[in-house]
Amino acid sequence: MRTYLGRLGELVLKGSNIRDFERLLTGNARRYVQSVDAKVSLYAGRLYVECADEAAAAAECMLDHLIGITGWSEATAVEKDIDAIRAQVLAEARGARERGAKTFKIEAKRSDKSFPLDTYGICREAPSLVCAQGILAVDVHRPDVTICVEVRDRCFVYSNKNRGHRGLPVGCSGKGLLLLSGGLDSPVAGYRMMSRGMKIECCYFHAYPYTSQEAQQKVERLAEILAAYGMTTHLNVIPFTDVQMRIKQKAPAAFATLMLRMCMMQCANLLAERLGADCIVTGESLGQVASQTMQNLAVTESMARYPLLRPLVGMDKEDIVATARRIGTYETSILPYEDCCVLFSPRHPVLRADLAEATQIYESLEAEGLIREAYEKREIIRFDCAGIVAGQFGTRENAAQLAAENGKRLSAGD
């Protein structure tokens with residue numbers, strides 16, 4: 001059997017409603033691993049995952065993607081006895097030396113106050129065998145490895161610390177509709193809102209044949225990656241070719257991109273209402289491109305009937321790229337398949353549009369009917385974290401069914 005400990009972050013600061021957050025986090029974790037032999041529980045600020053050896057990869061995948069924990073470790077449970085602790089600390093030190101470590105220190109936590117040694121006593125006694133045998137040298141300031149001892153209902157020893165995604169468990173902060181393109185920004189925007197507990201649904205505007213099927217497949221892959229963090233998402237693919245052609249025919253060239261974004265926002269209003277979303281989320285960053293000047297952002301926002309959230313608005317490109325690399329969207333986002341915004345961009349776009357002028361141009365398009373028609377023709381593709389895990393690691397009878405549900409295509413009426 002394997003044992004993993006997940007460390008909770010800001011959840012422990014919650015007040016009387018902390019149990020609601022803990023139940024949601026535990027339920028999210030269980031959903032990931034329902035296709036394998038794994039048990040998930042939460043007690044005293046730790047998420048416990050116990051699983052068979054063959055389910056270890058699935059458990060680690062879940063912990064690598066679960067939003068709401070600051071980090072996790074594979075731990076060894078030992079008797080609540082200082083001799084057993086010393087022996088396991090020695091084993092951890094030997095393993096660390098094989099990996100090239102030369103120095104170490106001990107960190108201890110004791111939530112079971114009946115244990116005869118306090119944390120200082122544990123830190124003093126636990127490394128005695130390591131020091132006596134000269135396995136590693138002590139360095140409390142900059143150790144190569146930190147060996148942790150936690151005395152709880154059971155005693156755990158571990159030396160590996162994997163970074164988590166922190167934040168709040170997905171589902172505690174309402175639902176948002178993410179305008180997802182094939183670029184770097186919007187997937188990161190979706191991830192940042194999920195890390196604040198928001199459930200995300202996705203919307204992609206496709207302009208076939210001006211944008212290729214490869215461009216859509218790229219966005220589908222991005223939605224699947226996001227679902228691995230956000231539990232589940234539906235990607236709504238909206239055919240926007242007729243709307244874009246109307247813009248090309250009737251709008252001044254300099255306003256083409258801005259008109260497109262206004263039309264997208266109007267369509268997003270329809271979809272947000274259908275989905276019961278609380279807000280619309282975009283990947284816009286102030287000043288990054290011509291359509292994202294302060295004046296142009298104001299024009300786009302004027303079309304929104306829901307709160308418009310821009311989690312990247314103050315981030316620069318290096319910050320966005322770093323996050324994209326970390327969550328695994330970067331390599332997909334940089335594939336050379338352009339979205340409709342890029343292909344229809346004018347050479348000299350308006351930089352500081354006047355709201356009244358932009359509104360007048362938008363009304364002259366008479367595009368409301370085309371927008372609603374595009375909305376009603378949308379295709380819906382479902383992605384679920386349980387299906388993703390089941391497709392890679394599932395062993396139970398329900399694994400094949402869960403995997404088959406991932407990427408399932410629906411029509412707008414389903």
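User: In what sense do β1 and β3 pair, and over how many bridges?
Analyst: This is a predicted model. In it, β1 and β3 pair in the antiparallel sense, over six bridges.

User: Which residue of β3 does Tyr4 stand opposite?
Analyst: Tyr4 stands opposite Val49 in β3.

User: What about β1 and β4, how do they pair?
Analyst: Strand β4 covers residues 69–78, and β1 pairs with β4 in the antiparallel sense over six bridges. Within that pairing, Arg7 stands opposite Gly71 in β4.

User: Is β1 mostly covered or mostly open?
Analyst: Mostly covered. Strand β1 runs over residues 2–8, and six of its seven residues are buried.

User: And β2, how many bridges join β2 to β3?
Analyst: Six bridges join them, and the two strands run antiparallel. Strand β2 is made of residues 38–43. The bridge partner of Val40 is Val49 in β3. Val49 is also the residue that Tyr4 stands opposite.

User: What do β2 and β3 form together?
Analyst: They form a hairpin, with two residues between the strands. Ala44, in the turn, has a positive phi of about 50°.

User: Let me step back. How many helices and strands does the chain have?
Analyst: The chain has 17 helices and 16 strands. Its C-alpha trace spans about 85 × 45 × 45 Å along the principal axes. The chain has 414 residues, of which 54% count as buried.

User: What share of the contacts is between residues 24 or more positions apart?
Analyst: Such residues account for 80% of the contacts in the chain with a separation of 6 or more.

User: Now the core. How many residues are in the largest nonpolar core, and which have the most contacts inside it?
Analyst: The largest nonpolar core has 63 residues, and Met62 and Leu235 have the most contacts inside it. Helix α7, residues 213–230, gives the most to this core, with eight residues.

User: What does Met62 touch?
Analyst: Leaving out residues up to four places away in sequence, Met62 touches Ala29, Tyr32, Val33, Val40 and Val49.

User: Which residues are in the second core?
Analyst: The second core is separate and has 40 residues, including Phe255, Val299, Ala358 and Leu365. As background, nonpolar side chains in soluble globular proteins tend to be buried together.

User: Changing topic: how many aromatic pairs does the structure hold?
Analyst: Four. In one of them, the ring centres of Tyr48 and Phe156 are 5.6 Å apart and the planes are at 45°, so the pair is tilted.

User: Where in the chain are Tyr48 and Phe156?
Analyst: Tyr48 is in strand β3, residues 46–51, and Phe156 is in strand β8, residues 155–158. The two are 108 residues apart, and the pair links distant parts of the chain.

User: Are those two buried or exposed?
Analyst: Tyr48 and Phe156 are both buried.

User: What sits over the ring of Tyr330?
Analyst: The charged end of Arg325 does, 4.0 Å from the centre of the ring.

User: Next, the open sheet. What is the order of its seven strands?
Analyst: The order is β14-β13-β10-β11-β12-β15-β16, with mixed pairing. At the edges stand β14 (308–309) and β16 (408–411), each with a single partner strand, so one side of each is left without a neighbour in the sheet.

User: How do β10 and β13 run, parallel or antiparallel?
Analyst: Strands β10 (175–179) and β13 (279–281) run parallel and are joined by three bridges. The bridge partner of Gly176 in β13 is Cys279.

User: Which residues of helix α15 are buried?
Analyst: Leu370, Ile371, Ala374 and Tyr375 are buried in α15, which covers residues 368–376. Down the helix axis they fall within an arc of 140°, so they line one face of the helix.

User: What covers them?
Analyst: The cover includes β12 (232–239), α8 (241–250), α9 (256–275) and α14 (355–365).

User: Last one: where is Pro187, and what does Pro187 touch?
Analyst: Pro187 is in helix α6, residues 185–194. With 0% relative accessibility, Pro187 counts as buried. Not counting residues up to four places away in sequence, Pro187 touches Leu180, Leu222, Leu226, Ile327, Thr329 and Ser333.

Technical notes: Residues numbered from 1 in each chain as written. Predicted model: local features only at pLDDT ≥ 70, side-chain atom pairs only at ≥ 80, totals over all residues. Heavy atoms only, no water. Phe/Tyr/Trp six-rings, centres within 6.5 Å; stacked < 30°, edge-to-face > 60°. Helix = DSSP H or I, 4+ residues; strand = E, 2+ residues; numbered from the N terminus. Buried < 20%, exposed > 50% of the residue type's maximum accessible area, 1.4 Å probe, protein only. Lys NZ or Arg CZ within 6 Å of the ring centre and 35° of its normal. Contact = heavy atoms within 4.5 Å. Core = buried A, V, L, I, M, F, W, Y, C linked by side-chain atoms within 4.5 Å. Pairing = 2+ DSSP bridges. Arc of directions from axis to C-beta.
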